[in-house]
Amino acid sequence: ADVPIPLGPKQLGPMSGVYGAAMGLCKGRGMRPCRCLSHHRPHVHRPCVVDLAIKQASVGGALSIVARDILSRRQGTCPTALDLARDTLYEVIIDESG
């Protein structure tokens, strides 16, 4: 059976690093046909670029916000929602800090 050729770094753009890290966690590294019970035919395990991009933005952004909040409170400051969401794809809807 033919095995599809994986996308190269040029097609992935800014997601190439995240994709490369995820590829290393896939069975067969996304290159060798697999015969596990996930599918009845030989297949290849590869991460979904769209899934990775969404998880990077949502989960990564949320973890950044939580880490900033914890750090600020340890330093005795009370950050604004805008400060917490800085450099994430999260948009502040209500900022009750002032």
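In the predicted model of the protein, confidence is lowest in helix α1 (residues 9–12), with a mean of 62, and highest in helix α4 (residues 81–85), with a mean of 93. The score is pLDDT, the predictor's confidence in each residue on a scale from 0 to 100. Across the protein the pLDDT averages 80, and 81% of the residues score at least 70. Where pLDDT is low, the predicted coordinates should not be read in detail. Since this is a predicted model, local features need pLDDT of at least 70 and side-chain atom pairs count only at pLDDT 80 or more, while totals for chains, interfaces and linings use all residues. Residues are numbered from 1 along each chain as its sequence is written, and side-chain values use heavy atoms, with hydrogens and water left out.

The secondary structure comprises four helices and zero strands, in the order α-α-α-α along the sequence. Helices (H or I, at least four residues) and strands (E, at least two) are DSSP runs, numbered from the N terminus. Of the 98 residues, 22% count as buried; buried means under 20% relative accessible area, exposed over 50%, and partly exposed in between (1.4 Å probe, protein chains only). The accessible surface comes to about 7,600 Å², and carbon and sulfur atoms contribute 60% of it. These areas come from the Shrake-Rupley method with a 1.4 Å probe, and for residues only the protein chains shown count as cover. Among contacts with a separation of 6 or more, 38% join residues 24 or more positions apart, a contact being heavy atoms within 4.5 Å.

The 26 residues of α3 should span 38 Å at 1.5 Å a residue, and the 36 Å between its end C-alpha atoms agrees with this. The expected span is 1.5 Å times one less than the number of residues in the helix. Leu-52, Gly-61, Ile-65 and Ser-72 are buried in α3, and the buried residues of this helix pack against α2 and α4. Gly-76, which follows α3, has a positive phi near 80°.

The largest nonpolar core has five residues, namely Met-15, Tyr-19, Ala-22, Met-23 and Leu-52. Helix α2 supplies the largest share of this core, three residues. A nonpolar core is a set of buried Ala, Val, Leu, Ile, Met, Phe, Trp, Tyr and Cys residues joined through side-chain atoms within 4.5 Å. With neighbours within four places in sequence left aside, Ala-22 is in contact with Pro-47 and Leu-52.

The loop between α2 (16–23) and α3 (49–74) contains Cys-34, and His-43 lies in the loop between α2 and α3. Cys-34 counts as buried because its relative accessibility is 13%; His-43 counts as buried because its value is 14%. The C-alpha atom of Cys-34 is 5.7 Å from that of Val-44, ten residues apart along the chain. Not counting residues up to four places away in sequence, His-43 touches Arg-32, Pro-33, Cys-34, Arg-35, Cys-36 and Ser-38. A polar atom of the His-43 side chain also lies 2.9 Å from the backbone oxygen of Arg-41. A polar contact is a pair of N or O atoms within 3.5 Å; within protein, one must be able to donate a hydrogen and the other to accept it, and residues adjacent in sequence count only if both atoms are side-chain atoms.

The segment after α4 holds Asp-87 and Thr-88. Asp-87 is exposed, with a relative accessible area of 71%, whereas Thr-88 is buried, at 18%. The phi of Asp-87 is near 65°, a positive value in a residue other than glycine. The side chain of Thr-88 reaches the backbone oxygen of Ala-85 at 2.6 Å. Residues up to four places away in sequence not being counted, Thr-88 touches Gly-61, Ser-64, Ile-65 and Arg-68. Of these, Gly-61 and Ile-65 are among the buried residues of α3.
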